[in-house]
Amino acid sequence: MKEKIISEIDLDLVFQCNDFSQYSNKLKDTKSNLIFESIFWEKVFLSWINTILKKDDYELPNFIFEKKSFSLGFQIISNQEIASMNQKWMQKNGPTDVLSFPIIFDESLNNLEHVELGDILVSFEMALEQSYEYKHSIYREMLWLASHGFLHLLGWEHNNDLDLENMLNFQEYLITRLD
């Protein structure tokens, strides 16, 4: 596996987060409260972009490796909001943990300096519930869901068990690179 030298990457992150202060008693550690801060997510996504651009052992459109400027939207929303989006855009009933809306890109974007990746929506309530279910922190669960949505923005799919296993392993790799 060959690592590439990457120069400075620019990220334009549009971050929105609902008011979840009613859950503050469940978020006792400082690390968990980072998930509500734009600067935290900007650092996370920049780290992941840099990690991905340095690797060349998986499939991404070639032109993405030549870009230095990216943007994406990231929202932490309620179960009610994500259920509405899930119904409207995916024709599925009920809330889900994460939705991704990638911008479809192709070689015609090769001349653009800036790449708009798309939008990621995460249900805070589903993330909190899953953090209890899987016995880890809300911080960890939010990173897990954000990484999953992020990989979908880059074109990753999981149409079979092997694809899903590869995607989940790569999510774990991205998260460990943050430590």
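Residues are numbered from 1 along each chain as its sequence is written, and side-chain values use heavy atoms, without hydrogens or water. Because the model is predicted, local features need pLDDT of at least 70 and side-chain atom pairs count only at pLDDT 80 or more, whereas totals for chains, interfaces and linings use all residues. The mean pLDDT (the predictor's confidence in each residue, from 0 to 100) of the protein chain is 87, and 86% of its residues reach 70 or more. Over residues 1-6 the pLDDT is below 50. Where pLDDT is low, the predicted coordinates should not be read in detail.

A nonpolar core is a set of buried Ala, Val, Leu, Ile, Met, Phe, Trp, Tyr and Cys residues joined through side-chain atoms within 4.5 Å; buried means under 20% relative accessible area with a 1.4 Å probe, protein chains only. The largest such core has 43 residues, of which Trp41, Phe45, Leu72, Phe74 and Phe150 touch the most other members. Helix α5 gives the most to this core, with nine residues. Phe45 touches Leu72, Phe74, Ala146 and Phe150, among others, when residues up to four places away in sequence are not counted; contact means heavy atoms within 4.5 Å.

Helices are DSSP runs (H or I, at least four residues), as are strands (E, at least two), numbered from the N terminus. In α5, 14 of the 16 residues are buried, so this helix is largely enclosed by the rest of the structure. Just after α5, Gly155 takes a positive phi of about 100°. In α4 (residues 124-133), the buried residues include Phe124, Met126 and Leu128, and their cover includes α3 (79-90) and α5 (138-153).

Definitions and conventions
Buried means under 20% relative accessible area, exposed over 50%, partly exposed in between (1.4 Å probe, protein chains only).
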